[in-house]
Structures are given as structure tokens and as C-alpha cells.
Amino acid sequence: MQAFLDTLLGDAVGLERQLGYLAGMVVFGAVVVFGFVLPFAGIVTWAERRIWARIQSRVGPNRVGPFGFLQWLADGVKNILKEDIIPTVADRPLFRFAPYVVMVGFIAAFVCIPFSGDLIIADLNIGILYVTAVTSVVVVGILMAGWSSNNRWSLLGGIRAATQIISYEIPASLAIFPAVLLSGTLSMQGIIGEQGAAPWQWHMFHSPFTLLGFGLFFTAALAEGNRTPFDLPEAESELVAGFATEYSGMRSTLFFMAEWGNLYVIGALVTTLYLGGWQVPQFTYNPVLMNLAQMGVFLGKSLACVFFMIWLRATLPRVRVDQLMALCWKYMVPLAMLSVFGTATLMVALPNGSHTLRMATFAVVVGVVIRFAFKVRFHLKRSRALDYSSLSTGASQGLSS
Amino acid sequence: MQGPDLSVVAFLLLSALTLGGGGGVIFSGNIVYSALSLMVSFLGVAGLYVMLEADFVAGVQVLVYVGGVLVLTLFAVMLTHRIEDIKVSNRGVGKLPGLAAALAMFAGLIAALEVAPWKLPAEGVVREAFPSTQSIGNALLGRYVLPFEVASIVLLSVLVGAVVLSRKEVAEPRVSDDA
């Protein structure tokens, strides 16, 4: 990004150059936020509802536009037009301010999220640390929302969310370390640069320890994003809607936009750290074509992660609070330690890495995925479609057999 | 051309943020507002670290102080019943002695600033920004490894102490269920 601005600014110096940089960064940031982040957060709500419906044998939203695709726009317009209700007993300034804090923490993460080899708003030297740091600001916004609503459900939801996020920050940060150790840098582009285009050159398959790190990071990121199976802060059967109970209209939409947009942040982080990022083989020397291919690969991997998270949400039940904390402190933190120290030991023992170990880890993962696919196919073949018309006439017979 | 430097503007804004946040912490009557003003102050300090080319310290500042310390403070404040009615200021000594103590502190800090040997770059030399992460890592695991480890032992004993304090007293051994 800086190189591109340098060519654009030519030989401007001093204040003009600084203002030029500032303007360039603001324009590029605005393009990313309004052209990608916000539409993505909207579209993924539609995609999620359609995919759930498919998994649960329902239809899902299919009326607005082709395949119901414009549903997210309709929902957005509806939410903007809704009345913005502030409870009389709420703490007004904090109540109004809280959604913005959440949004700032979420959008600031995009500064360091790469799109391709050259497209990144700023490739900070402390990239991954920066992302972890700014996303922790979200907790303050959630606590603010929970407390200022002056409602027991909201406060409990806010406290639950904050405990969960700060607890799972520890395994998530520890699970970042294996990838950082292998790359020797915190910068996002640097971490991607150390990986290759072929799947077995990804950090994920470096050794069983990094595979463990990948799994732990993905799980902890789900918990930090308040996603099923860790969506206790919004457990509607217990807490109405958690910290968002008293919010209506656009303010409530901001919370949910941050939550759904966060899916992409998680996907992009997993892709960067463990799945090889935007790496593609050097098939052309045309920078535009190369960047487009890299962008396609990066988006493809991130969206595959997003799809996996939606699939999990449609499949898994919610965990209990005590299970949530036990999972974090008794299992994930020690396993994350094992992953970090195992990777470090391996790096000392085999400074150049072991190709056999890489290929073996890769083969095991591929084997598990193939076995899973066959199992799913087997069960799909054996499952019978239920005839609901016969159920309605002979309900007791149909259910007892 | 010599104009006003944007970095000066940024420095002034960040200082205003830090001082304003600090003022909010002290002068706000509502302790929740004080805690949240602390966040503004922390973020301003993180920005000042960035201006000093200490990018790693800035990241850790936000991660530890905003994401950890402040959230724990907010927990304590928000879970206390009717916290807004509690007067948090210490009225024991009165305003004038307090002001005198603050002024003495201020004079001491200014004197320390004057005495401290500052390492300034030579006039007209523009130093390239360089990553601080690597040098911090080398220093912590090389020259300063002993203080670093001692600090971690202190933290460990704090953790053990917290567990001991928050544990429930078990009066008598539990009778087994299958008796």
C-alpha cells in the first residue's frame, strides 16, 4: 500500500506528502469498510439462514430477489427505519456509545488483514499482536452495553460475554505462537510469506503440534466471537438476548453486524496463520493477474472457514457455563502450552523441519477428511425421507415404529 | 518546505486524549465513568508509544491494560450493588493538602525530567524506523532474563494467593452418596 502511494504522490515532500498518505489511507480504508466489510456482514446473514435451512430441511428466506439474495438489504432498510428506543432508566450516554465501541474494535482489525500480496491497508510490523489488541476493545463495548441497559439480563449477558472473551483470549494467543515461531515475525504478510502454495507447505501441517495449534486457535476464536457452540452471552432461552436485549433498530444492527463480520475476521486470521494465506504458484509476472489470483485464493480459504463455522452452528448444541470454563482452563490452555513447546522443541531438534513429518501429518488429515466424507455419504444414503402427509393421518403409528 | 508537521498535530491530539482521560478518571462523580475514562487514557498512552516507535509496547499496552486490567476493573465496579451512590473520594484530608501533595508530585516529576540523561539523536539526523519486537525479545531472554523470571514468580504467587483466598472453607469431609 505504501509503495503504491509513493508512486502516486511522486516527489511531494513535507506536509503535502503526509497529507497525501493520510488521504490515501483514509480512502483505501473506506473502500475496504464500505465496499467489503459491511456488505459482507449483511450477505453472510442471508447465507447463514439459507445454509441452516438446507441443513435442517427447511426453505429459508427465498422471496426477496433471486434465491432471496436481497433479504439482507431488506432487513437493513427495515432496521434503519425502526424507532431507536432508549429505556428511561438506562444510562443514556453509555447506552448510545456502546455499539460504536464494539464497531470500532471490530473494524480496526481490518487494518492488518491482507487481501492479496500487495493489497493490505497497512502491513504493521506487529500485525497479529495489533489484531489481538484491538479486538479486545470489543469487550469494553459489550460490558458498557450490558451495564448501561440497567437490566439484569443485559448485565448478566455482558458479564458472561466478557468472562468468556478474556478467558479464551489466553488459549487463542497461545495458539498463535506456533505459527509466529515458525515464521519468526508478527507481521501478517511475513507469516504468509513463510508458507508455500501447496497444502503440505502450510504451517498447519508442519507437525502434529501445529495441527493441534490450528484446532485450538479455531475453537478459541469461535468462543471469542461468541459463536455456537459458545454463544452463551445471547442464550435466548436463559437471557432473552443478552447484552443486546434493550437495543432496537440500528444500534442493535451494529452489534449483529460486528458479530457476523467477525466471522470473516476469524476466517482470515486462521487462513493467514495456518492455511497458507494468499500463496499461489508464480504462474505469471503480471502483477494485476497475480494479485487477483491471490485475492481469490485468500477469499476462498476464508469463506471456506466461514462456511465451516455456519455448519457448526447448525449442528452443535450450546455448552453450559461450567463446561465452557472447564474446557478453556483445564483442556485448551494446557494443550496450547503443549503445542507451543512441542513446536519450539521440534524447531531446535530439526532446524530445517522434516519433510516426512509434514507429509505424514498432511496424509493423516486427508485420510480423516476422506473417511468423514464417506461416512456422511453412507448415512445420507441410508436415511429415508419422512412422508409428513402420512404422519398427520397415522401420527401415533408413524412415531412409534 | 517547512510547515507544521502532522506528527506534532498527532502528538497534541494524543496528549489531549491521555490528559483528558486522566482528568475524567479523577473528576467524574460516577465510578463507572471514571473506569471508562481510564480506557481513553490508556488508548492515548498507546498512541504516544507508537509515536515513540515502540510499536510492540503499544500493542501490549492495549492488550493488557484495555483488554485485561480495565475489564477486571469494570467487573468489580459493575457487579457492586448501587455503585453510583457510593462516594469514592477520600474526604479525610480535605482539598488544600491534596492540592499541595499533587503540586509536590508535579515538581518532583519535572525535576526528574530535567536531571534525566536523554539520548537524543544528533541534529539533522533522521533515523530509520526499526522493529522493536526483536530487540525486546533478545533483551528479555538475554540480559534481563533474571528480573523477567522473578516477575513471573511474583505473578505465580499472586495467582496461588487469589485461589487460596477465594476458595470456600470445607468444614467436614463430605459423606459419600452410596452409604
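This is a predicted model: local features need pLDDT of at least 70, side-chain atom pairs count only at pLDDT 80 or more; totals for chains, interfaces and linings use all residues.

Q: What makes the pair A:Glu48 and A:Arg313 a salt bridge?
A: The side chains meet at 3.7 Å, N to O. The cut-off is 4 Å between a nitrogen of Lys or Arg and a carboxyl oxygen of Asp or Glu, so the pair counts. In general, side chains of opposite charge can pair when their charged atoms come close.

Q: Where in chain A do A:Glu48 and A:Arg313 lie?
A: A:Glu48 is in helix H2, and A:Arg313 is in helix H12 (residues 287-315). They are 265 residues apart, so this pair links distant parts of the chain.

Q: Why is A:Glu48 called buried?
A: Its relative accessible area is 1%. Buried means under 20%, so A:Glu48 qualifies.

Q: Why does A:Arg313 get another label, partly exposed?
A: A:Arg313 has a relative accessible area of 22%. Buried needs under 20% and exposed needs over 50%, so A:Arg313 falls in between.

Q: What makes A:Arg251 and A:Asp84 a salt bridge?
A: Their side chains meet at 3.0 Å, N to O. That is within 4 Å, so the pair counts.

Q: How do you know that A:Arg251 and A:Asp84 tie together separate parts of chain A?
A: A:Arg251 lies in helix H11 (residues 249-274), while A:Asp84 is in the loop between helix H3 (71-81) and H4. The two parts are 167 residues apart in sequence.

Q: Are A:Arg251 and A:Asp84 buried or partly exposed, and what decides?
A: A:Arg251 has a relative accessible area of 10%. That is under 20%, so A:Arg251 is buried. A:Asp84 has 34% relative accessibility and counts as partly exposed.

Q: What makes A:Asp322 and A:Arg320 a salt bridge, and why are both called partly exposed?
A: The side chains meet at 3.0 Å, N to O, within the 4 Å limit. A:Asp322 has a relative accessible area of 47%. A:Arg320 stands at 49%.

Q: What makes chain A and chain B touch, by the contact rule?
A: Contact needs heavy atoms within 4.5 Å, and 27 residues of chain A meet that rule with 27 residues of chain B. The two chains bury about 2,500 Å² between them, 79% of it on carbon and sulfur atoms. One residue pair is in polar contact across the interface. By class, the side of chain A that touches chain B has 19 nonpolar, five polar and three charged residues.

Q: Which residues have the most contacts inside the largest nonpolar core?
A: They are A:Phe217 and A:Tyr264, in a core of 120 residues. The largest share, 14 residues, comes from H11(A). Beyond its neighbours within four places in sequence, A:Tyr264 is in contact with residues including A:Phe36, A:Phe110 and A:Phe298.

Q: How do you know that chain B is built of helices rather than strands?
A: Chain B has six helices and zero strands. Of its 179 residues, buried ones make up 19%.

Definitions and conventions. Residues are numbered from 1 along each chain as its sequence is written. Chains are lettered from A and ligands numbered from 1 in the order in which they are written. Side-chain values use heavy atoms; hydrogens and water are left out. Buried area is the accessible area (1.4 Å probe) that two parts lose on being put together, summed over both. A polar contact is a pair of N or O atoms within 3.5 Å; within protein, one must be able to donate a hydrogen and the other to accept it, and residues adjacent in sequence count only if both atoms are side-chain atoms. Ala, Val, Leu, Ile, Met, Phe, Trp, Tyr, Cys and Pro count as nonpolar, Asp, Glu, Lys and Arg as charged, and the others, Gly among them, as polar. Helices (H or I, at least four residues) and strands (E, at least two) are DSSP runs, numbered from the N terminus. Buried means under 20% relative accessible area, exposed over 50%, partly exposed in between (1.4 Å probe, protein chains only). A nonpolar core is a set of buried Ala, Val, Leu, Ile, Met, Phe, Trp, Tyr and Cys residues joined through side-chain atoms within 4.5 Å.
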